[in-house]
Amino acid sequence: MRARTAVLCSVADQGVAALTNILVLVAAARLSTVADFARFSAVYLVFTVLLGVSGAYTGQPLVLKRGAGEETRSACRSAVAFTVLAAAALGALLAAVCLLVPGDTARALLMLGLVLPVVLGQDAVRYACSTLQQPHLALLSDLLRLACVLGALGTQVYGASPARLIALWGLSALPALLLSAALLHRSTAGAPLLLRPMLRRGHLGQRFTVEFGVGNATSQLSVLGLGAVGNPLLVGALRGATTLFGPLNVLFTSATSFGPPLLGRITDERSRVRATAALAAVLATTAGLWATVLALLPDRVGRQLLGDTWSVAAALLPATGSQYAAMAVGTCGLLALRMLDPRTTLAIQVVFSLTTVAFLAGGYVVGGVLGAAWGLFLGSLCKAAATWIRVARLRRRTPAPEETVTADALPSAP
């Protein structure tokens with residue numbers, strides 16, 4: 001497959017996967033009361049965190065493999081098998097605990113535990129297909145999953161319980177998992193299955209998991225915590241607002257995934273940083289325009305998208321739009337740091353993820369749900385400023401092009 005075709009298939013696959021998540025939340029919002037959608041959103045937020053951890057631990061190290069030799073094919077088989085086994089163990093534990101806890105949320109979490117191996121396994125196969133330079137297979141799998149999940153949720157009527165929706169959503173991924181697993185088996189047949197190296201100390205996924213935990217999961221879990229101890233509608237309101245910005249998540253993910261090789265073609269470092277800054281400006285402007293379009297939507301259209309949740313989500317659009325504009329600048333700042341010195345990103349993720357949690361909690365205390373949304377914006381703004389300040393400092397320390405750089409001066413690998 002040509003490089004351009006592979007990139008297009010990869011971007012399309014990411015878009016289909018993101019579209020699936022968006023449409024699942026839209027369907028759940030239209031089928032649920034405000035309270036039930038808040039419960040569904042809380043459980044789906046748990047899944048989002050687990051999905052990110054799985055991708056960081058097995059998926060991201062896997063895509064760094066090069067070639068299609070036996071070592072790579074073995075790594076693909078091992079990553080998928082490890083993900084399914086780990087998800088089965090974790091899902092069984094979650095289901096067993098929730099079986100003893102009353103309430104609709106506990107029943108929905110129980111269903112999540114039962115379908116966890118299916119949804120995480122299907123995502124792991126996507127990483128494997130990309131690693132084997134077969135992104136069209138991952139795209140085919142996600143298209144099948146999109147069709148199945150829309151068909152399953154489309155048969156439901158208003159008032160369906162969160163547990164039922166979670167079960168239908170999870171089981172609808174089974175045909176895609178079976179298809180992609182069969183296609184993957186054809187490409188990796190005969191390669192050894194090695195699970196022990198993935199549990200050893202020093203596995204690259206451990207570092208990536210820490211970065212994910214402090215960079216993404218912290219804010220999501222803090223939203224879930226505030227919903228548990230404060231107003232449960234907080235989760236549904238914030239989740240409904242961020243659902244509308246799903247297309248921007250696709251752009252951010254594509255910039256992070258395909259930005260380094262494209263920007264790496266620019267030989268001059270100063271020009272490369274300027275190009276990254278220009279990308280940040282374009283993405284931030286796109287976020288502002290998208291927020292404006294959403295704010296101008298008639299209430300009738302908004303209710304068709306999010307049902308009863310629209311009324312509370314619409315009030316958060318200015319704050320969420322501002323947050324996504326700041327996230328665009330911060331994402332490109334981290335992208336520039338990865339190219340200059342990848343060792344600097346972890347500290348920024350730790351410090352400013354905790355800062356975002358503090359702003360989120362403080363905003364909720366001062367202004368309720370709307371204050372929490374503006375708190376997330378302030379956290380993203382501070383993180384974006386810190387990344388570009390760090391980029392500027394690294395640029396000042398970088399030797400001029402005419403100076404000779406010795407091997408000892410080169411940054412070590414992350």
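I count a residue as buried when its relative accessible area is under 20%, exposed when it is over 50%, and partly exposed in between, using a 1.4 Å probe and protein chains only. I note that the model is predicted, that local features need pLDDT of at least 70 and side-chain atom pairs pLDDT 80 or more, and that totals for chains, interfaces and linings use all residues. Residues are numbered from 1 along each chain as its sequence is written, and side-chain values use heavy atoms, with hydrogens and water left out.

**Entry 1: overall**

I take helices (H or I, at least four residues) and strands (E, at least two) as DSSP runs numbered from the N terminus. The protein comes to 15 helices and zero strands. By contact I mean heavy atoms within 4.5 Å. Of the contacts with a separation of 6 or more, 81% are between residues 24 or more positions apart.

**Entry 2: the record**

The unreviewed UniProt entry lists residues 42–59, 79–102, 165–184, 275–297, 309–337, 346–366 and 372–391 under "transmembrane region". UniProt positions are in the numbering used here, feature names are shortened, and annotations may be inferred rather than shown by experiment. I checked two of these spans in the model. Residues 79–102 are 88% helix and 0% strand, with end C-alpha atoms 35 Å apart. For residues 309–337 I noted 90% helix, 0% strand and 38 Å between the end C-alpha atoms.

Is D142 buried or exposed? D142 has 2% relative accessibility and therefore counts as buried. D142 is in helix α5. Setting aside neighbours within four places in sequence, I found D142 in contact with D13, V16, A17, T20, Q122 and R126.

Not counting residues up to four places away in sequence, T20 touches D142, L146 and V149.

Two packed helices are described by the angle between their axes and the distance between the axes. I use axes fitted as lines to C-alpha atoms, for helices over the stretch in contact, with angles from 0 to 180 degrees between N-to-C directions. Angles under 35 degrees count as roughly parallel, over 145 as roughly antiparallel, 65 to 115 as roughly perpendicular and the rest as oblique.

Helix α4 (residues 104–131) packs on α5 at about 155 degrees, with the axes 7 Å apart. The two helices are therefore roughly antiparallel. A crossing is left-handed if the near helix is turned anticlockwise from the far one by less than a right angle, and right-handed if clockwise. The crossing of α4 and α5 is left-handed. On the α4 side I listed V119, Q122, R126 and C129, which meet P135, L137, A138, S141, D142 and R145 of α5. I class Ala, Val, Leu, Ile, Met, Phe, Trp, Tyr, Cys and Pro as nonpolar, Asp, Glu, Lys and Arg as charged, and the others, Gly among them, as polar. This contact of α4 with α5 has five nonpolar, two polar and three charged residues.

**Entry 3: α5 against α6**

I found α5 and α6 packed at about 150 degrees, with axes 8 Å apart. The angle makes α5 roughly antiparallel to α6. Their crossing is right-handed. R145, V149, A152 and L153 of α5 make the contact with L165, L168 and W169 of α6. By class I noted six nonpolar, no polar and one charged residues in the contact of α5 with α6.

How many residues of α6 are buried? Seven of the ten residues of α6 (residues 162–171) are buried, so the helix is largely enclosed by the rest of the structure. The buried ones are P162, A163, L165, I166, A167, W169 and G170.

**Entry 4: α5 against α7**

Helix α5 (residues 135–154) packs on helix α7 (residues 174–188) at about 165 degrees, with axes 8 Å apart. α5 and α7 are therefore roughly antiparallel, and α5 passes α7 in a right-handed crossing. L137, L140, S141, L144, R145 and C148 of α5 are in contact with P175, A176, L179, S180 and L183 of α7. I noted eight nonpolar, two polar and one charged residues there.

**Entry 5: L378**

L378 lies in helix α15 (residues 345–397). L378 counts as partly exposed because its relative accessibility is 35%. I looked up T355, 23 residues from L378 along the chain, and found their C-alpha atoms separated by 9.0 Å.
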